[in-house]
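This report concerns side-chain packing in a single protein chain. The sequence and model are shown below.

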Amino acid sequence: MPDIRPTAASAALLLNATYEPLCVVSVRRAAILILSGKAVCVADGDGVLHSSRARVPVPLVAKLTRYVRVPYRTQVGLSRRAIFARDGGRCVYCQGPAETIDHVHPRSKGGQHAWENVVAACARCNHHKGDKTLADLGWRLPMKPTVPHGAIWRVLGHRTPDPRWAQWLETV
């Protein structure tokens with residue numbers, strides 16, 4: 001069965017007029033911004049987009065023509081994909097491949113659904129732990145779960161950055 005998930009090549013980095021990274025958009029959205037004159041292509045990706053009248057190189061990085069003031073959220077949104085990205089896709093208990101998320105202090109015992117209480121886990125460890133606390137099992141976390149911070153998290157979120165974006169993300 002073919003892999004139908006979007007690849008890194010299906011995304012483009014969008015920069016503000018000051019070359020500050022704003023967000024990651026689809027190649028289609030970047031092409032529309034370029035064709036409508038709201039952005040210019042700073043770096044071309046692989047391939048060409050075709051229409052009945054025009055051929056446009058696939059944008060890798062696009063820059064807005066006008067400055068946009070963006071009020072940034074101070075905290076990164078909590079999601080399953082972001083938890084896996086923060087923990088490197090590994091179970092925090094056994095370092096195996098993570099398949100689920102686990103609440104360190106179980107919700108049934110008053111634990112919150114927050115960055116500091118949620119970790120990536122494999123199904124085996126998650127099932128074994130159940131609704132017990134780490135103290136009940138004698139387990140320890142190798143590191144305390146924390147809220148991801150930094151501008152890269154704000155711009156990319158859980159996405160893996162395209163290595164060709166490196167020079168624009170260095171300023172973040």
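Trp 139 is partly exposed, with a relative accessible area of 24%, whereas Tyr 93 is buried; buried means under 20% relative accessible area, exposed over 50%, and partly exposed in between (1.4 Å probe, protein chains only). The model is predicted, so local features need pLDDT of at least 70 and side-chain atom pairs count only at pLDDT 80 or more, while totals for chains, interfaces and linings use all residues. Residues are numbered from 1 along each chain as its sequence is written, and side-chain values use heavy atoms, leaving out hydrogens and water.

| Residue | Relative accessible area |
|---|---|
| Tyr 93 | 17% |
| Trp 139 | 24% |

The structure holds one aromatic pair. The ring centres of Tyr 93 and Trp 139 are 5.1 Å apart and the planes lie at 45 degrees, so the pair is tilted. Rings of Phe, Tyr and Trp (its six-membered ring) pair if their centres lie within 6.5 Å; planes under 30 degrees apart count as stacked, over 60 as edge-to-face and the rest as tilted.

Helix α1 spans residues 27–35, and its buried residues are Val 27, Ala 30, Ala 31, Leu 33 and Ile 34. These cover an arc of only 160 degrees around the axis, which puts them on the same side of α1; the arc is that of the directions from the helix axis to the C-beta atoms. On the other side of α1, Arg 28 and Leu 35 are exposed. Helices (H or I, at least four residues) and strands (E, at least two) are DSSP runs, numbered from the N terminus. Just after α1, Gly 37 takes a positive phi of about 80 degrees.
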